[in-house]
Amino acid sequence: MNPILVKAPSTTANMGPGFDCLGMALDLWNEITVIPLDNPAEGARVAVTGEGSGELPTDENNLVYKSMEFLFKEASLEIPLFKLLCNNQIPLKRGLGSSAAAIAGGLVAANAMCDDVFSKQELLEMAATIEGHPDNVAAALLGGLQLVVSDGPQIYTASIPVPDNIQAVIFVPEFTIATDDARRVLPDSVSRQDAIFNMGRLALLISGMASNHPEYLSVATEDKIHQPYRQTLFPAMKLIFNAARAASALGVFLSGSGPTILALANEREMTIAYEMFDAARQADIEGKVDIVGTAVSGAYIDK
């Protein structure tokens, strides 16, 4: 086996109204290099650089390795000896799909090692099983903007065109929000009025993207199902939202379960980034800003 290099993108999920059914790949990538080993005594080892260095497991408990192991078991094959080099650009536990990138990258690498025995659809089903929900992993595997629906074991995806000039301005706080905590604050049920509010805006968001009507996105990224409740974990969220909108953002939302806040823009990206950062600073929230494009490709082998 020759060394394999896999690149897997960051993702943003929900995008306001699309709770657990919408994900978009971002042009921010983790790299995974698989290097074959000959000495059985060396076993599986993982080296992590960049984001997560000194924090992520460097043994068989690493999520990339566990995802690869999952695929080999599905293929009824013995996992070979190799070393993983993980160079990560995606921040951990910030709502930017770091776990989805690890899963997608691991599955794509392992599938290549198995002569691509599994289809993209089968990889998606494995990824959703590992992750527990399909929105981030669908975007991480398929790229672009993905609408994803689970019907029992079957997963349906629909790619939604994204205008070429759309950029993502992201504010990444220094603090983290655990996904379990972000789900724990959600109510067990929502009102009919709030459900209608979100359904209409999700439809408008999809239409606005697909038909290149950016003027729809301000209203289309509004939400009443998860963001108002998650604001209790991040009270300054609304201030940063308002700053992004005032600076001409097309729309703004909590990325995944947060705490990253993402604004869509097709102009004045630097101004939007500055205003989001300044609003956070005034609320004593430390963090960093970045401007990234959307990623057309999902996880892939870099040859």
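User: Which helices each supply at least two residues of the lining of the second largest pocket?

Analyst: This is a predicted model, in which local features need pLDDT of at least 70, side-chain atom pairs count only at pLDDT 80 or more, and totals for chains, interfaces and linings use all residues. Residues are numbered from 1 along each chain as its sequence is written, and side-chain values use heavy atoms, without hydrogens and water. The lining (residues with an atom within 4 Å of a pocket point, a pocket being an open set of points on a 1 Å grid where a 1.4 Å probe fits, with protein on both sides within 12 Å along at least five of seven lines) includes Val108, Phe118, Lys120 and Ile301. Taking helices as DSSP runs of H or I with at least four residues, and strands as E runs of at least two, numbered from the N terminus, the elements asked for are α2 and α3.

User: Which element gives the most to the lining of the second largest pocket?

Analyst: The largest pocket has α2 as its top contributor, with five residues. In the second largest pocket, three residues come from the element that gives the most, and that element is again α2.

User: How many bridges pair β1 with β2?

Analyst: Strand β1 covers residues 4-14, and it forms a hairpin with β2, with three residues between them. In that turn, Met15 has a positive phi of about 55°. Strands pair if DSSP finds at least two bridges between them, and the antiparallel count here is eleven.

User: Which residue of β4 is the bridge partner of Ile35?

Analyst: β2 also pairs with β4, in the antiparallel sense, over six bridges. Within this pairing, the residue of β4 that partners Ile35 is Lys83.

User: Which residue of β5 is the bridge partner of Met24?

Analyst: β2 runs antiparallel to strand β5 (residues 145-151), and three bridges join them. The residue in β5 that partners Met24 is Leu145.

User: How are the rings of Trp29 and Tyr300 arranged: stacked, tilted or edge-to-face?

Analyst: A search of the whole structure finds three aromatic pairs, where rings of Phe, Tyr and Trp (its six-membered ring) pair if their centres lie within 6.5 Å, with planes under 30 degrees apart stacked, over 60 edge-to-face and the rest tilted. Trp29 lies in strand β2 (residues 18-36) and Tyr300 in strand β11 (residues 300-301), so the pair ties together parts 271 residues apart in sequence. The centres are 5.7 Å apart and the planes at 85°, so the pair is edge-to-face.

User: Is Tyr300 buried, partly exposed or exposed?

Analyst: Buried means under 20% relative accessible area and exposed over 50%, with partly exposed in between (1.4 Å probe, protein chains only). Tyr300 has 29%, so Tyr300 is partly exposed.

User: What relative accessible area does Phe82 have?

Analyst: The rings of Tyr65 and Phe82 have centres 5.5 Å apart and planes at 40°, so this pair is tilted. Tyr65 is in helix α1 (residues 63-74) and Phe82 in strand β4 (residues 82-88), 17 residues apart. Tyr65 is buried at 6%. Phe82 is buried as well, with a relative accessible area of 1%.
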